[in-house]
Amino acid sequence: MRIRAFGLEVFYMRDLLLHHSQTEVLTEEGYSDFELKILTSADFFTPLLSRGAQIKVLEPKWLANEIKAQHLAAAELYNEE
């Protein structure tokens, strides 16, 4: 799994690992990419979703699509009258 963290979330990701296999693989101005060697399950969606717009799942694509769908569904709740 590959996750991109933005802004201050980079420091949180460095200090509070999501998984013991987590490593920082790319550092750029404004973001860093982290890789985790983990079998992803629905249990792992919560810590990813809880970081909101501060992270983006890059790989695997199916997980990125699932996290996006859940964020969109949550945002849609605020469009209901």
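Arg14 is partly exposed, with a relative accessible area of 35%. Partly exposed falls between buried (under 20% relative accessible area) and exposed (over 50%), using a 1.4 Å probe and protein chains only. The model is predicted: local features need pLDDT of at least 70, side-chain atom pairs count only at pLDDT 80 or more, and totals for chains, interfaces and linings use all residues. Residues are numbered from 1 along each chain as its sequence is written, and side-chain values use heavy atoms, with hydrogens and water left out.

What does the side chain of Arg14 meet in a salt bridge? The partner is Glu24, at 2.9 Å, N to O. Glu24 lies in strand E2 (residues 23-28) and Arg14 in helix H1 (residues 9-15), so the pair ties together parts that are 10 residues apart in sequence. Glu24 is partly exposed too, with a relative accessible area of 31%.

## Salt bridges

Side chains of opposite charge can pair when their charged atoms come close. A salt bridge here is a side-chain nitrogen of Lys or Arg within 4 Å of a carboxyl oxygen of Asp or Glu. The whole structure holds 5 salt bridges.

One of them joins Glu35 and Arg2 at 3.1 Å, N to O. Glu35 sits in strand E3 (residues 31-35) and Arg2 in strand E1 (residues 2-6), so this pair links distant parts of the chain, 33 residues apart. Glu35 is partly exposed, with a relative accessible area of 27%. Asp33 and Arg4 form another salt bridge, at 2.7 Å, N to O. This pair also links distant parts of the chain: Asp33 is in strand E3, Arg4 in strand E1, 29 residues apart. Are Asp33 and Arg4 buried or exposed? Both are buried. Arg2, Arg4, Asp33 and Glu35 are linked in a network of salt bridges.

## An aromatic pair

Rings of Phe, Tyr and Trp (its six-membered ring) pair if their centres lie within 6.5 Å; planes under 30 degrees apart count as stacked, over 60 as edge-to-face and the rest as tilted. By this rule there is 1 aromatic pair. Phe6 and Tyr31 form it, and the pair is tilted: 6.3 Å centre to centre, with 55° between the planes.

Phe6 lies in strand E1 and Tyr31 in strand E3, so the pair ties together parts that are 25 residues apart in sequence. Phe6 is partly exposed, at 29% relative accessibility. Tyr31 is partly exposed, with a relative accessible area of 23%.

## The fold as a whole

The protein has 3 helices and 4 strands. Helices (H or I, at least four residues) and strands (E, at least two) are DSSP runs, numbered from the N terminus. In that direction the elements run β-α-β-β-α-β-α. The C-alpha atoms fill a box of roughly 45 × 30 × 20 Å, taken along the principal axes.

Contact means heavy atoms within 4.5 Å. Among contacts between residues at least 6 apart in sequence, 50% join residues at least 24 apart.

## Surface and charge

Of the 81 residues, 31% count as buried. The protein exposes about 5,600 Å², and carbon and sulfur atoms supply 55% of it. Such areas come from the Shrake-Rupley method with a 1.4 Å probe; for residues, only the protein chains shown count as cover.

There are 8 positive and 13 negative side chains, and the centres of the two sets lie 6 Å apart. Lys and Arg count as positive and Asp and Glu as negative, while His and the chain ends are not counted. Each charge is placed at NZ of Lys, CZ of Arg, CG of Asp or CD of Glu.
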